[in-house]
Amino acid sequence: MQIKNNWTLNEIQEIYYRPLLDLIFDAATIHRENKAYSEVQISSLISIKTGGCKEDCAYCPQAARYNTDIEVEPLMTVEKVKARAAVAKANGASRLCMGAAWREVRDNKDFERVLEMVTEVNEMGLEVCCTLGMLTYEQAERLKEAGCFAYNHNIDTSSDNYQNIITTRTFDDRINTLNNVRKAKLSVCCGGIVGLGETDDDRIKMLHTLSTMETHPDSVPINRLVPIKGTPLEDNASVPINEILRMIATARIIMPKSVVRLSAGRNEMNIAEQALCFMAGANSIFAGEKLLTTPNPDFDTDMQMFTMLGLTPRKPFKETASTNQPVEITA
Ligand code: SAM
Ligand code: DTB
Ligand code: SF4
């Protein structure tokens, strides 16, 4: 299977607008070239520091400037994180993603504590992922040395639409952090959100940015906006499932070796809708009754779905596209 990172917008457009069932069939065909096509990665999220963030991301329940219902909580203790990680592992998770409502990482006591959490959770045999905001190269290296496996930093939307959603940092700031993460040889987890009020063109442009990166992100989360009361996007309509499927299938076709994660928004999807997402190439989910601050299906519900659909949880530390394999780039 050839990996190509010189996609043009026209090529991606042609794929994105195929008749839906053709698009899903084409994505499923590519997905089935991967012999582990029925394995789904289970990642569990912990909000290690909740709320009070000074950024203005229009979708986010944790931005201090919006009047949302969440309770601000300080950085968790290492012990508490370990206890949560043990529960996630016992429930079949192979990856634990620790999220902090920070604009960026600062070189202070809190970062030292996060490094300790990373080391402890890694020693439990889980792939550790962090999402802590912007990072310098040195901080990315320190995370890697502590045992961090992956770093999540989403571009969220197209570069054109970005300033309609976030004004307190730029699209280039995001790309810069992603470059630091890649350079430190952390596995790159980068995707976005649908439902922000973006156009199809914005979605195609976002997929173009992801699929023309130096190496494709190892994992690509596709989040359906969870509208949050008190945020500027509280009244946004839910994105219909056919549009989610279009995003997942297109991502699967243009980034064939990346893990495509059906992320926020699953709580509002039935099993048939999720089954179509897996058919279209999604091969990862966030599991556990909470995402960071919003509800998500619990482990048992997901396990019943896996059994019904013949899916199996993927083991930790499997090789991923750009960290462990050379990427063939076609001219
Ligand atoms: N503060 C860090 C940052 O912004 O990178 C890490 C945590 S942040 C909550 C991680 C990602 O969650 C965001 O980039 C966004 O894609 C997603 N997210 C946040 N709120 C969401 C919502 N209401 N619906 C869907 N996705 C959301
Ligand atoms: C990602 O792309 N989605 C996750 C994770 N990366 C950090 C977060 C979704 C958050 C949804 C809103 C909430 O629960 O606060
Ligand atoms: Fe939310 Fe992260 Fe934006 Fe802060 S930086 S408002 S936590 S998405």
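Tutor: One definition comes before the rest: helices and strands here are DSSP runs, a helix having at least four residues and a strand at least two, numbered from the N terminus. Note also that this is a predicted model.

Student: Where does Asp156 lie?
Tutor: Look at the elements on either side of Asp156. One is strand S4 (150-152) and the other is helix H6 (159-165). Asp156 sits in the loop between S4 and H6.

Student: Is Asp156 buried or exposed?
Tutor: Buried means under 20% relative accessible area. Asp156 has 3% relative accessibility, so Asp156 counts as buried.

Student: And Lys185: buried or exposed?
Tutor: Lys185 lies in the loop between helix H7 (171-183) and strand S5 (187-189). Lys185 is not a glycine either, but has a positive phi of about 65°. The exposed class starts over 50%. Because its relative accessibility is 58%, Lys185 counts as exposed.

Student: Turn to strand S1. How many of its residues are buried?
Tutor: S1 covers residues 39-49. The strand is mostly covered. Of its 11 residues, the buried ones number 10.

Student: Which residue of S2 stands opposite Ser43?
Tutor: S1 is also joined to strand S2 (residues 95-100), in parallel, by 6 bridges. Ser43 faces a residue of S2 there, and that residue is Arg95.

Student: What is the handedness of the crossover from S1 to S2?
Tutor: Follow the chain from S1. It passes through helix H3 (residues 78-90) and reaches S2. This β-α-β crossover is right-handed.

Student: Which residue of S10 stands opposite Val40?
Tutor: Strand S10 (residues 312-313) runs parallel to S1, with 2 bridges between them. Val40 stands opposite Pro313.

Student: Now ligand 1. How much of its area does the protein bury?
Tutor: There are 19 residues around ligand 1, and among the nearest are Tyr59 and Asp156. A backbone N or O atom of Tyr59 lies 3.1 Å from a nitrogen atom of the ligand, and for Ala100 the corresponding distance is 3.2 Å. A polar backbone atom of Trp102 is 3.2 Å from a ligand nitrogen atom. Taken alone, ligand 1 exposes 560 Å², and the protein buries 91%.

Student: How much of ligand 2 does the protein cover?
Tutor: Its surroundings include Leu45, Pro61, Asn223 and Phe286. A side-chain N or O atom of Asn152 lies 3.2 Å from a nitrogen atom of ligand 2. An oxygen atom of ligand 2 is 3.0 Å from a backbone N or O atom of Leu292, and a polar side-chain atom of Thr294 lies 2.8 Å from a ligand oxygen atom. On its own ligand 2 has 410 Å² of accessible area, and the protein covers 89%.

Student: Last one: is Asn223 buried or exposed?
Tutor: Asn223 belongs to strand S7 (residues 219-224). Beyond four places in sequence, Asn223 touches residues including Asn154, Gly192 and Ser263. Its relative accessibility is 13%, so Asn223 counts as buried.

Note on methods
Residues are numbered from 1 along each chain as its sequence is written. Chains are lettered from A and ligands numbered from 1 in the order in which they are written. This is a predicted model: local features need pLDDT of at least 70, side-chain atom pairs count only at pLDDT 80 or more; totals for chains, interfaces and linings use all residues. Side-chain values use heavy atoms; hydrogens and water are left out. Buried means under 20% relative accessible area, exposed over 50%, partly exposed in between (1.4 Å probe, protein chains only). Two strands pair if DSSP finds at least two bridges between them. A crossover is right-handed if, with the strands pointing away from the viewer, the path from the first strand over the helix to the second runs clockwise. A residue is near a molecule or strand if one of its heavy atoms lies within 4 Å of it. A polar contact is a pair of N or O atoms within 3.5 Å; within protein, one must be able to donate a hydrogen and the other to accept it, and residues adjacent in sequence count only if both atoms are side-chain atoms. Accessible areas come from the Shrake-Rupley method with a 1.4 Å probe; for residues, only the protein chains shown count as cover. Contact means heavy atoms within 4.5 Å.
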